[in-house]
Structures are given as C-alpha cells and as structure tokens.
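Q: I have a structure open and would like to learn how to read it. Could we go through some of its features together?

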Amino acid sequence: MIKNFKKQNVWFVFTPYLWLVLFFFVPLALILKISISVSEWGMPPYRDLFSLSENGLEINSTLGNYLFIFSDPFYIRSYLNSLSLAFTSTLLCLLIGYPIAFYVAKSKTSIRNILLIMLIIPFWSSFLLRVYAWKVLLQGSGIINSILIHIGLISEPISMLHNHYAVILGVVYTYLPFMILPLYGYLVKFDLNLIDASNDLGAKPLNTFVKVILPLSLPGIVAGSMLVFIPVVGEYIIPEMLGGSDKLYFGKIIWDEFFVNRDWPIASALAMSGIVILVFPIIIFQLMYAKYNFKNE
Amino acid sequence: MSEPFLQIIDVSKRFDNVVALDKVNLKIEKSEIFSLLGSSGCGKSTLLRIIAGFEKPDEGRILLEGKDITKLPPYVRPLNIMFQNYALFPHLNVTNNIQFGLKEEKISKEEINHRVNEILNLLELNGLEKRKINEISGGQQQRVALARCLVKKPKLLLLDEPLAALDKQLRVQTQFELVNLQYKLGITFIIVTHDQEEAMSLSDRMAIMKNGEILQVGNPVEIYEKPKDKYIANFIGTANIFNVLNKNNQIIIKELNYEVKNINNKENYVKCLIRPEKISVKKLENQSDNLNIGVVKEVAYLGSYTKYLIEVNGFEFYSFMQNSLVSDNLQIRWDDKVQISFNETSIYFFND
C-alpha cells in the first residue's frame, strides 16, 4: 500500500521541492556567485567567474566585496540600524498586538468575526498606498499638523516625516496584523478555566498572566515575532517613503548599490551577509524552540 | 445553635436578562458532602462559580464561617475548586501543578516539598511527579486536580462534575475514594452534578435545583422517598405517580381504583407516589378478587432485577422486582396477567 503510494505520488511530493530549488536555491546561488565576482563596467556589471584567455582558464573570484563591506562602518551601521528597527518594531507590535489578540480571542463568536475582518481589511488595499497614506497624514500640511494648529496646541507645523520615528510608526502599523493573527491563533484555543484555576489557587492577575497565560501563548509570540522581525530587517519601502537621512537602513543600501551605484557584486555581498547573519541565529532559535515544544507536546 | 459553615443568602444572578439564580438560600454544615443536583441550565454551576468567586452575584451575600466573602476575589478565598475538565496546567508537570497554589502562599521550600509529598502519597501519585499532564491517564489527571486543591488545605472544596470525565468503571471506584478522602480530611465538599446516582451515593445532603431555584434540600433518603413535588419525584429515580381521590372520607388511588385503608392523616392530598421497587407483581394463577390485576406490557431483565411495565385500566406504571431466586427469572412474560401488591406504608402522598 505504502509502496504504491510512494511510487505514484513521487512527483506530487517533489513539486514543492522543485519550486524551492527553482525559485529559491537557484536565485540564491546566482546572488552568491555575483557576490564573489569582480565588478566592472558593462552589462552585466561584473566579470564572469570563469573565462578562457591565452593563459588558459582564468578564475576571476574575490572575497574583496565581503572584506570591503565589513571594513566599512557605513555598511555595518546600516545593518545595525535595520536590526534595531526590527527589534523595536517587533517589541512594539508585541506590546500593542498582544492585548488586541487577547481581546479578539476572548470576545463572543459573533463579534470576534467582525473584529477579525477589521484586522484583515487593510490588506485589501495596496501596501504602498497604505504607507503613502501615512506620508500624507504626517507631512507638514497634513491632517495631524492641521488639527494640532487648529486647536492651538502648536503654532507652526512640526516635522514628523522623514525621521526614524516615522519609519517605526509605518513599520508597526504595517506589520501589526502579522503579530496579531498568529497570537490570536494560539489564544483562541486557550482554556479560560486555566485562568480561573490559577486565580482559585491564589495567583493574583499579574501572576496568572506571567505563570499561565504567557508561557502557554509563547508559541504564538514566537511565530508572530518571527513574522515581523525577519521581513523588517530587509524592509526597503517604508524607510524609503517615511525615513530621512538620520538613519540609513540595510534594505535601502542594497537597493542603492544595485540600482544607483550599479555595483552588483557589493550589493550581492551585502544581501548574502545579511542572510547569513540573520539566518543562523534564527536556525539556532528554531532548533531550541522545537526542543522546547517537543518537551511540551 | 452554632452558625452554619457556609451560608448563601438571597443570592440572585442574571445573564443578559436570563435569570440564572433567583433568591437562592442555602445553609451548608461543616464537614458534610453537599450536592447541587439539577439538569443543565438549572443554575447549579453558576452558584458554584459564585461561591468560588468567579462571578459576582447581582444580589445577596455569601458567608463563610460567618464572614462575608461576597466581594472577595477568588485568589483570597480560603476554598478551592476542582473543574470538570480539571483545568490542569499543560505546560507544567505533575509536581509543578500541585505546588502551583502553594508557591502563591508565603511558605518555605521545605514546607512546600513536605506538603506535596504528603498529598502525592495520599492520592497514590508517586512515580508520576515529573510527568506532563498529557502523559498521564484520565483517572490520574483527576487525582492530580484533586491533589492541587487539597494541598492548599482549603476549608471548602468545590467539585464541578468531579466524575463526569471518567469512564463508568472508574467512576464507581472513584466515588468511594472521594467519600473516604472527605471522611479522612474532614473538608466540606460541595459537589455539582447532573447525575442523580452520583449525588445519591456521594452526598450527606443534596439540593435539587430547577430554573435558578432550589426546590428541595434533604438527605438522599428524604429526597427519594419524600419528594416535594412531581418534578423531583421524576428527576430522582423512576416514579409512579397516581392521582388521589378523597370521597366521603375514603382515600382512593384513582388509576388503580384502590382504597387506602390504613391512613391516619386524611388531608386533602391530590397525588401519591409509589416507587417501582415497592410494587410487586405476581403471575396470576387463579382468579383473585381483592387485589388489582394488571397486564404486563414490557419486560426488561437487568440481571439483579427485572423491570416490568404494567397496565391497569389504560394507565401504565413500573414495577421493579428483585431477582433473588434463579427461578424468578423470566417467569413473567409479555401480556401475562399479574397480581399487583404493595404495602400501604410505602405510599407517599403529596400535593402537586
């Protein structure tokens, strides 16, 4: 039975892997290749890794690109800026998202569905438009400044746009649902009797939260945080539209290297090192977490 | 006259205009096992949750040893509750579940360990200390839930359908264990159940609830033999209820056309109850005149006893006969004519 199943469905099983190879590993390998190539003027703007000349096979490979980006504090600082943005906004998303997720999960079924739809509605409009809307809101002649001037709180517009606070605002606004939905998924399954039981056994509300609710919603917290943290590290559009020159972010640097400086090898080296620095801690974390989960199952 | 251990005074509770409890009054004595019995939606669980402190009553007060606890939050009440689904913490092992409540009190580590070990021994949970909750059986989970409450040495233990989640065999065994445990510890138990057999076998006293009201309070014998009304009579066990006629100082059971002679109290009762096991039937051999004759409509042989559905003048009622002799079995069959007899002292008269 099982043997037959395997034979007949081998393609069915391998399709996702094929997808992964074609659209993930191949492009990744291309980027890796470019990142160790030597840059030159032309199209494409790098020298082939292998070329035949009078001296035979020539290998034009270099680790110079990596050495260059790690020796220039400019790149390192932009990377740290991105990490700090991701960290701050993940934390903010968690702090704002947790109570919302808890409230939605614990409301009556009829109200719950409406609340969920309200969470999802923003996805119906374009991401770019939503970020642009913030630009309109925050600008000098925007609604917020107009209202503040109108009620006499300020006399002239304050500059709220083009700084890293505006970036954090935009990121938190955009990524909040990615925190709330996985949290909601775990909290909706939460047995409310456990809260009563904890109270009954003498635990005050804060202790109940720390000792019972929090540990049991940890998987949701981890899932939501990953969904926010990882994409925000490479976020390009929001810093581009709302950010200013006070802080440069990793995603924008890669963009600039690719499209402004046309230095593909440096841009690729940046992308690769970003992946490596980000992926390894996440893999370790995932393994630790899998172990923790296994112990709990 | 000492004051009762737990007093529930005029407690009312509504949920969105649905009355869950309507001016409930109850006095529960120290060290008794008291059951709240009723079908679902009768308000018994709401009452339990109010005693535990999870719900606040709209009106009324709860006094524990004379002290008003109505407004106290659950975490300061000197009582514990065992939930129907046990509500054990899935992220903690058996020991950590049991000591959860102790860690909230200001008790030394040695004292905690001592008390946890004591309760592990009492409930025969040794060897399971490090197990996760989903690694132990339903019966073991029930004992962990009990241990988690008892280790706190509560004055009062509330049990919400304590046996409902167990399979039938385990249930009977656990019933006796619960009673023994209560006897050993002397803690007052309040049990909520919809299972009348469970309530009968566990309780010292019980309250029958319906639509947010308490209909009757009494020990199991009183409730079974002297139910206040038709609802209670039918709720507990099987009830044969007949109409009573009072004609010229004669008390007559209408459906059987039977005159009750040995009755002192000739009040105007309108109904009477004769429990099925108090009615005996005998296969009719020769035409007898003074006793009622009925026809067997159904026979259900249940091993220790047999249930007969008897029809007299178009009225149907039950008779349960003990199968005390092997030859008794299946002597009476469908459509047989039978003699019906009962002791007049077994008739319980009441007004509906």
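A: Gladly; let us start where the two chains meet. The contact takes 17 residues from chain B and 16 residues from chain A, where two residues are in contact if their C-beta atoms, placed from the backbone, lie within 7 Å. On the side of chain B that touches chain A, the elements giving two or more residues are β6 and α2 (94-103) of chain B. Helices (H or I, at least four residues) and strands (E, at least two) are DSSP runs, numbered from the N terminus.

Q: How many residues on the side of chain B that touches chain A are nonpolar, polar and charged?

A: They divide into nine nonpolar, four polar and four charged. Here Ala, Val, Leu, Ile, Met, Phe, Trp, Tyr, Cys and Pro count as nonpolar, Asp, Glu, Lys and Arg as charged, and the others, Gly among them, as polar.

Q: What should I know about the numbering and the model?

A: Residues are numbered from 1 along each chain as its sequence is written, while chains are lettered from A and ligands numbered from 1 in the order in which they are written. This is a predicted model, in which local features need pLDDT of at least 70 and side-chain atom pairs count only at pLDDT 80 or more, while totals for chains, interfaces and linings use all residues.

Q: Where is confidence lowest and highest in chain A?

A: pLDDT is the predictor's confidence in each residue, from 0 to 100. Chain A has a mean pLDDT of 87, and 95% of its residues reach 70 or more. Confidence in chain A is lowest in helix α1 (residues 2-8), at a mean of 56, and highest in helix α9 (residues 192-200), at 95. Where pLDDT is low, the predicted coordinates should not be read in detail.

Q: Why does helix α5 of chain A lie largely in the open?

A: A residue is buried if 20 or more other C-beta atoms lie within 10 Å of its own, exposed if 12 or fewer, and partly exposed in between, with C-beta atoms placed from the backbone. Of the 12 residues of α5(A), the number buried is zero, so the helix lies largely in the open. Helix α5 (residues 109-120) of chain A reaches 17 Å from its first C-alpha to its last, close to the 16 Å expected at 1.5 Å a residue; the expected span is 1.5 Å times one less than the number of residues.

Q: How many helices and strands does chain B have?

A: Chain B has eight helices and 20 strands. Buried residues make up 36% of its 352 residues.

Q: In which order do the five strands of the open sheet in chain B lie?

A: Strands of a sheet pair through backbone hydrogen bonds, either parallel or antiparallel. In chain B the order is β15-β19-β16-β17-β18, with antiparallel pairing; two strands pair if DSSP finds at least two bridges between them. The edge strands are β15 (279-283) and β18 (315-322) of chain B, each pairing on one side only. Inside this sheet, β16 (residues 292-301) and β19 (residues 337-342) of chain B pair over four bridges, and B:Gly294 stands opposite B:Val338 in β19(B).

Q: Is B:Val312 buried, exposed or partly exposed?

A: B:Val312 has 17 other C-beta atoms within 10 Å, so it is partly exposed. B:Val312 sits in strand β17 (residues 305-312) of chain B. Leaving out residues up to four places away in sequence, B:Val312 touches B:Glu255, B:Leu256, B:Asn292 and B:Gly294.
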